[in-house]
Amino acid sequence: MPPKHLFDISAVDLDHVLFDQDVIRQTNPHRGDMEHLNAVVHAEPEAGRIVGYKNVRDDEFWVAGHIPGRPLFPGVLMIEAAAQLCSFYTRRYVGWKGFIGFGGVTDVRFRLPVTPGCRFYLLSQQIMERHRRITSNVQGLVNGQLVFEAQITGTEF
């Protein structure tokens with residue numbers, strides 16, 4: 001039996017941009033090659049849920065070297081993109097004001113490759129917040145298929 005999505009997104013309009021790149025830049029500090037969140041398409045703050053995406057482009061810095069002739073979006077950047085979605089959620093809806101850094105990542109599974117030209121959707125479900133730490137379960141989807149999942153903890157500095 002295939003793994004399930006964190007929550008049902010069948011009623012979510014994945015093409016409707018709720019927050020665009022400009023709003024994300026007002027919220028998250030990442031710039032240039034380290035911007036890995038292009039849009040937020042859905043948010044349920046009362047349930048701790050958010051959905052966004054990254055357009056995986058063929059002109060990104062990692063394409064030529066990971067892997068020549070068969071570029072694969074690096075897993076560490078999948079985690080980074082999910083962390084940026086979690087950071088956006090935490091600043092926008094939880095109200096944290098300080099810098100949010102990685103506190104940890106666990107239970108990571110990479111299930112399918114992600115290649116340039118894909119729209120990489122990210123789902124996040126907040127599961128815990130206390131003592132300047134927040135934890136979310138995250139998943140990455142391409143064409144509706146689960147490609148990665150993890151649990152990410154952020155810390156406010």
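Modeller: The largest cavity holds about 40 Å³ of space. The model is a predicted one, and the count of cavities of 30 Å³ or more comes to one. The residues that line the largest cavity are Gln21, Ile24, Arg25, Asn28, His30, Arg31, Glu35, His36, Leu37 and Gln84. Sorted by class, this lining has five polar, three charged and two nonpolar residues. Helix H1, which covers residues 21-27, supplies the largest share of the lining, with three residues.

Next come the open spaces. Glu35, part of the cavity lining, is also one of the residues nearest the centre of the second largest pocket, along with Gly32, Lys54, Arg57 and Glu60. In total, 13 residues line the second largest pocket, and its space comes to about 160 Å³. H1 and E2 are the elements that give two or more residues to the lining of the second largest pocket. That lining is made up of seven charged residues, five polar ones and one nonpolar one.

The largest pocket has a volume of about 200 Å³. Its lining has 15 residues, and those closest to the centre are Ala83, Ser87, Ile100, Gly101 and Phe102. Two or more residues of this lining come from each of H2, E3, E5 and E6. The largest share is that of H2, with six residues. By class, the lining of the largest pocket has eight polar, six nonpolar and one charged residue.

The elements named so far belong to a chain with two helices and six strands. Along the sequence they follow the pattern α-β-β-α-β-β-β-β. The C-alpha atoms fill a box of roughly 45 × 35 × 30 Å along the principal axes. A compact globule of 157 residues would have a radius of gyration near 15 Å, and the chain agrees with this because its own value is 15 Å. Of the 157 residues, 48% count as buried. Among contacts in the chain with a separation of 6 or more, 64% are between residues 24 or more positions apart.

Now to the nonpolar interior. In soluble globular proteins, nonpolar side chains tend to be buried together. Here the largest nonpolar core has 30 residues, and Val40, Phe73, Val114, Phe120, Leu122 and Phe148 have the most contacts inside it. Strand E1 (39-44), helix H2 (75-94), strand E4 (119-130), strand E5 (133-142) and strand E6 (145-156) each give two or more residues to this core. H2 gives the most, with 10 residues. Another core lies apart from this one; it has 11 residues, including Ile9, Val12, Ala39 and Tyr53.

Phenylalanine 148 shows what one member of the largest core touches. With neighbours within four places in sequence left aside, phenylalanine 148 is in contact with Met78, Ile79, Ala82, Arg109, Phe110, Arg111, Phe120, Leu122, Val138, Gln139 and Gly140. Two of these partners, Phe120 and Leu122, are also listed among the residues with the most contacts inside the core.

Some points of the backbone remain. Most residues other than glycine have a negative phi, and most peptide bonds are trans. The bond that joins histidine 66 and isoleucine 67 is a cis peptide bond, with omega about 10°. Isoleucine 67 is placed in the loop between strand E2 (49-55) and H2.

Aspartate 107 has a positive phi, near 50°, and is a residue other than glycine. Aspartate 107 sits in strand E3, residues 100-110. Its relative accessibility is 53%, so aspartate 107 counts as exposed, the cut-off being over 50%. Asparagine 143 is not a glycine either, and its phi is positive at about 50°. Asparagine 143 is in the loop between E5 and E6. With a relative accessible area of 75%, asparagine 143 is therefore exposed.

To return to the part you asked about: the lining of the largest cavity takes its largest share from H1, whereas the lining of the largest pocket takes its largest share from H2.

Definitions and conventions: Residues are numbered from 1 along each chain as its sequence is written. This is a predicted model: local features need pLDDT of at least 70, side-chain atom pairs count only at pLDDT 80 or more; totals for chains, interfaces and linings use all residues. Side-chain values use heavy atoms; hydrogens and water are left out. On a 1 Å grid over the protein atoms alone, a cavity is a set of points where a 1.4 Å probe fits but cannot get out, and a pocket is an open set with protein on both sides within 12 Å along at least five of seven lines; lining residues have an atom within 4 Å of a point. Grid points are joined across faces, edges and corners, and a volume is the space filled by probe spheres set on the points. Helices (H or I, at least four residues) and strands (E, at least two) are DSSP runs, numbered from the N terminus. Ala, Val, Leu, Ile, Met, Phe, Trp, Tyr, Cys and Pro count as nonpolar, Asp, Glu, Lys and Arg as charged, and the others, Gly among them, as polar. A nonpolar core is a set of buried Ala, Val, Leu, Ile, Met, Phe, Trp, Tyr and Cys residues joined through side-chain atoms within 4.5 Å. Buried means under 20% relative accessible area, exposed over 50%, partly exposed in between (1.4 Å probe, protein chains only). Contact means heavy atoms within 4.5 Å. The radius of gyration is taken over C-alpha atoms; the globule rule is 2.2 Å times the number of residues to the power 0.38.
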